[in-house]
Amino acid sequence: MKIAVITPLFSRSRELMNELTFHFPDVKHNADNTLKTKEDMIAFLHDVDGAIVGREMIDDEILSACPRLKILSRYGVGLDNLDLDAMQKRGVKLGWSGGTNSNSVAEITLSLMLSLIRNLHIATTLLKQHTWKVNGGSELSGKTIGLFGFGNIAKRLIELLSPFHCTILVCNRTHDEAEAQKYGITFATKERILEEADIISIHLPLTPTSQNLFSTDAFKAMKKSAFIINTARGGIIDEEALKVALKNGEIAGAGLEAFEVEPTQNWELIDLPNLVCTPHLGGNSKESILAMGYACIDHLKNFFIMK
């Protein structure tokens, strides 16, 4: 079997590549991240039986040009970049394990919360500019946290927040009261969370329903002292509306891990002092890179070797 590794992160891991080639000797990788166009992707995938894919978009046009492809093993947790209907139509199986990077993303989310509410981001920038300005912000302990989504990452974040004794409100499509009791949370409407939360954290997939879920009206409904954090997918927050809200002081600040276009070039937003931002690295701790990678390999082994 011939396997292609599309995601550069997996490709650059010697441990993962050694494990993969032990089971599948015929492997090509994308360590140099040279796949820039749909044509590049088709050329890379047209002669392979299976592929390990990260956040790269795989649509019906690509699948139709690669009839030999039998399985896509997802390196990561989101599935919004894969055309699942086209995969089903063309008989391409999905290898996917949820929750493999939950702790990594939850830790980044907690770090963004602390950086924003304790004013660490602004204080650090000023001090690097040789300006000594003491403003320690507020404590995270006892604050009201609003979570949108109640999957593996949100649940792990709730566990990490436990020592801070926060009130946690959750907006989710479904309500499981037994889980609410287990995690000590309260299910709430979007409107209530916008009104009450000191920090809002997004843990949703990008869907037509969640596209621009947070835009002008949402920011105006939030407390002026509140912060919003997105470690999920770009496009859930309207970046232009967020830019206005941050400039005008409609909210106190934001933390972004994900952007509408990646790599982002929205420098006017990035340069705002009350924005903390990272290049979508939340799920890429050393530990989660290996956990996601071994899960991908297991899916390929189960499909090609053990079936």
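Visitor: How many disulfides does a search of the whole structure find?

Guide: A disulfide is a pair of cysteine sulfur atoms within 2.5 Å. The search of the whole structure finds zero. C296, for instance, is in no disulfide, and the nearest cysteine sulfur, that of C66, is 18 Å away. Please note that this is a predicted model, in which local features need pLDDT of at least 70 and side-chain atom pairs count only at pLDDT 80 or more, while totals for chains, interfaces and linings use all residues. Residues are numbered from 1 along each chain as its sequence is written, and side-chain values use heavy atoms, with hydrogens and water left out.

Visitor: Why does C277 count as partly exposed?

Guide: Buried means under 20% relative accessible area, exposed over 50%, and partly exposed in between, with a 1.4 Å probe and protein chains only. C277 counts as partly exposed because its relative accessibility is 30%. C296, with a relative accessible area of 0%, is therefore buried. E39, found in helix α3 (residues 38-45), has 55% relative accessibility and so counts as exposed.

Visitor: In what order do the strands of the open sheet lie?

Guide: Helices (H or I, at least four residues) and strands (E, at least two) are DSSP runs, numbered from the N terminus. Two strands pair if DSSP finds at least two bridges between them. Here seven strands form an open sheet in the order β8-β7-β6-β9-β10-β11-β12, with parallel pairing. Its edge strands, β8 (186-187) and β12 (275-277), each pair on one side only. Within the sheet, β6 (residues 144-148) and β9 (residues 199-202) pair over four bridges, and L147 stands opposite S201 in β9.

Visitor: Which residues touch the most other members of the largest nonpolar core?

Guide: In soluble globular proteins, nonpolar side chains tend to be buried together. A nonpolar core is a set of buried Ala, Val, Leu, Ile, Met, Phe, Trp, Tyr and Cys residues joined through side-chain atoms within 4.5 Å. The largest one has 31 residues, of which I200, F214, F219, I228 and L242 touch the most other members. Several elements each supply at least two residues, including β7 (167-171), β9 and α12 (239-248). Helix α12 gives the most, with four residues. Apart from this core lies another, of 27 residues, among them A106, L147, L160 and I199.
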